[in-house]
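Try each one before reading its solution.

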Amino acid sequence: MEKKRKNSRLREIWFQLKTNKLAVVALIILIILIIVAILAPVIAPYHYAEQHPKDSYAPPSAKYLLGTDKLGRDIFSRLIYGSRYSLSMGVIAVAIAAVIGITVGSVAGYYGGWVDNLLMRFLDVYQSIPMFLLCVTLAAILGPSLRNAIIALGICTVPGYARIMRATVLTVREKEYIEAEKAINAKDPRIILKHIIPNAMAPIIVEITMGVGSCILSGASLSFIGLGAQAPISEWGAMISDARSVMREAPQLSLYPGICVMLAVLSCNLLGDGLRDALDPRLKN
Amino acid sequence: MSEELLEIKDLRIEYHTDESVIHAVNGIDLSVKKGQTLGLVGETGAGKTTIAKSILRILPGLQAKILSGEIRFEGKDLLSVSEREMRKIRGNKIAMIFQDPMTALNPIETIGFQISETLKIHNKLTKKEARKKACEMLELVGIPSYRYDEYPHQFSGGMKQRVVIAIGLACNPELLLADEPTTALDVTIQAQVLEMMAELKEKLDTSVILITHDLGVVANFCDSVAVAYAGEIVERGTVEQIFDHVAHPYTEGLFASLPRLDRRERRLKPIKGLMPDPAALPEGCSFCDRCPYAEERCFKTKPADVELEPGHIVKCFRVAGGE
Amino acid sequence: MLKFIGKRLLMLIPVLIGITLVVQLLLEVTPGDPAKLMLGMNATPERVAALREELGLNDPFLVRYGRYIWNLCHGDLGNSFMTGRPVFSEMIQRFPYTLVLVCISLFLSVVFGIPLGVFASTHQHTWKDNLAMFAALFCVSMPAFWFALMLIQRFAVKWRLLPLSGIASWKGWVLPCVALALGFTATITRQTRSNMLEVIRQDYITTARAKGVSEVTIKYRHALKNAVTPVIMVVGGMFGMMLGGALISETIFSIPGLGQYTMQALNSRDYPVIQSSVLVLSLLFAIVILLVDIIFALIDPRIRSQYISKRQKEARTDQKKEDQEKGAAHSEGR
């Protein structure tokens, strides 16, 4: 019964989403990007670090679809591998943030009182530091690497999820069925897991979709300033960083990865917009 | 008999949404005489508000489509006058009072501004004159004029509705459309506000279309009644005609579902069922599904208007007499 | 009103204490010894130990924290490990550049963002709206640093219209400001549009229409005023994001502001500078948020009336009494 209801809710969302053509296109692009990321070794003609010193700055050709960089590395392959790093940056960072945020938010909202007060004051302090500044500081302190950049991103984006979760919990908590659960002596974690989190899903899903986009963006920025992926990893931001020094000679080198970042982020945002409309039809225009 | 101030003929309005077409108003005829009050009664969703908004032509432009009909006001067809001319009528000759005073006032403007705005639009007034007139209006609806510079959130619901009424009456309109003006208020406040409206109406000699679902209000307040059901007017006439000689089964049902002190009945008799989906109206009489007297022909063909007495018009086969 | 501002200023203190604590804690858990870093790779352990003692790095955490706060209260942010110069004076020197960069960008975003949003909302369901919205989302999704590079590539390298970097003349400011403002302009556009559409649906807009107010007045007076107030809130939050963006922007365009200073410190692990940067930038952010709240309270009567000071309230009740006594029906108000 429960499952059936959930299914029909999902179907309804899907039905709503289908009417939004841009969102569907975005979803397709994202799926393609994910497949490319997973199958990168199969699709890419070369390894991302493979150098062909003789073919430095080769123009696009059948051999090198988008040409090569200074070290003769195939740009096309690097972009394909880059999707792995860039996407995983977004996805893992958001996963970290969402798990911590949802936990903090539901605990704060559910227990209320001093727990809530303490956690919220902490978030206030947290959010009073400009997000990107905190992120850069964290990444720098942890030491520049792809892993640390992801951790820094994840930690910095926690407050958004926590706040959404808390707000939803506060509204759901007062509902009768929670009272009923309490009356039959259900344990707190059970109530949180079974009733409160499913209710908060709609806004959280939207936040996650948009969050992946913004984490890809911030992640690329971190790599660009040397605090994220390190050479020779071909994360898109790192590729732009590499290409910066040769902007005069080979401007196209910074063009492609930038387009990739934009495409991924744009898709996330379009899908997020579409999902928001689908989940809450009232907001639709 | 006084002359007709407003006459609506065969008005049809549809709403187009992404999924369906909603037949909100399906060929209604209405008229209001000068100085009189018409009670427009019906359930939520019967199309009452749509009718009122169509008179002012403030229906949401993209979804709402007026298919046919005319709305004659002082001899002019409001549906064919220019937008500029229409603007001169809105708030000036015809004004409207909305259902929910909580949301009907702009939260970030003073109530004084909101009253004087309509005055300034329709009359050549200086700022000072507009303010003076607006203060008079406030006093008229029982609000001390020093509250001119206060904001809506500083007023209670009943007071807000008074402000809304003051806005409506500011330009001394010929016709006031009052869309359930008391529904959102407490019962005690309702009586006050209605009382005040009745007084002002007498004083300013305004005609009123009072939209309500409260037959008690109609009995006290109105000269004539129109009963709306699923976008049609199923019965209309003077208050006496309707209250003493109920003809349409729906009106009958409305009366039966009212609590009455003068009769010892154990239970109220609610009308069974729900109003038909306005996106898929039945082929025959729109009330046939819920009508206790429904016959075969009721399901197949739409009943036409039958005039029982002069002015008492009913849409039902039963009163037309069997053949 | 003063009470409101005072209250908000007081609330700033625990936040600032929190920030210093967080930063101190962060540096605490960081691997690496600052003394070693200062002395370089081939310093003897004795010299490192001596320096640690000198810098007070061996004291317990709370002692060091207390000392830091104490110095902070005297306007002493410590000396840079790298250059040895006092951080405070260096920051004062650099501060104007960052402020100019962020303020111009913010100004550009508001000046272009709000009208564009209004334009889109008034052309809803037309291609103009769709195009504007898609373009806005496009700009939101664009990496700012990449856009900056593309601008440099076009305007500085290819067409040689504007300087590559540095701010020798006003021309030097053009690219950094445009690059920083683009994404935020798009965000404001989106926000303004959705607020406008939300407001246009409200009952009070129908009331205005029923009063005979013209469509133009409805859109640009009634709706816009209501729609813009929440946008101001967004602008406050944006200031913080712009400070973050300034880190990269100043580095790319070599603007000697706080952002560049912070980035240099981060790369060389110059702790006093990192600590102070985070603190100062956060303080700046907090002040802006405070200003926004005050502006918001001034615009929105619902908030304003909550914070009207007692004296004003008394004055008003007196006025009321007076009016009542006079029975002044047509008083010209307070």
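**Exercise 1.** What covers the buried residues of α1(C)?

*Solution.* First, some housekeeping: this is a predicted model, where local features need pLDDT of at least 70, side-chain atom pairs count only at pLDDT 80 or more, and totals for chains, interfaces and linings use all residues. Residues are numbered from 1 along each chain as its sequence is written, with chains lettered from A and ligands numbered from 1 in the order in which they are written.

Next, pick out the buried residues (20 or more other C-beta atoms within 10 Å of their own, with C-beta atoms placed from the backbone): in α1(C) they are C:V15, C:I19, C:V22 and C:V23. Now look at what sits over them: the cover includes α5 (113-128) of chain A and α12 (271-299) of chain C. Contact here takes C-beta atoms, placed from the backbone, within 7 Å, and helices are DSSP runs of H or I, at least four residues, while strands are runs of E, at least two, both numbered from the N terminus.

**Exercise 2.** Work out whether the span of helix α1 (residues 2-29) of chain C agrees with its 28 residues.

*Solution.* Take 1.5 Å times one less than the number of residues.

**Exercise 3.** Find the bridge partner of B:V306 in β12(B).

*Solution.* Start with the strands: β11 (residues 305-309) and β12 (residues 312-315) of chain B run antiparallel, joined by 4 bridges; pairing takes at least two DSSP bridges. The partner is B:V314. Then check the turn: this hairpin has 2 residues between its strands, and B:G311 there has a positive phi of about 90°.

Note on methods
Buried ≥ 20, exposed ≤ 12 C-beta atoms within 10 Å, placed from the backbone. Contact = placed C-beta atoms within 7 Å.
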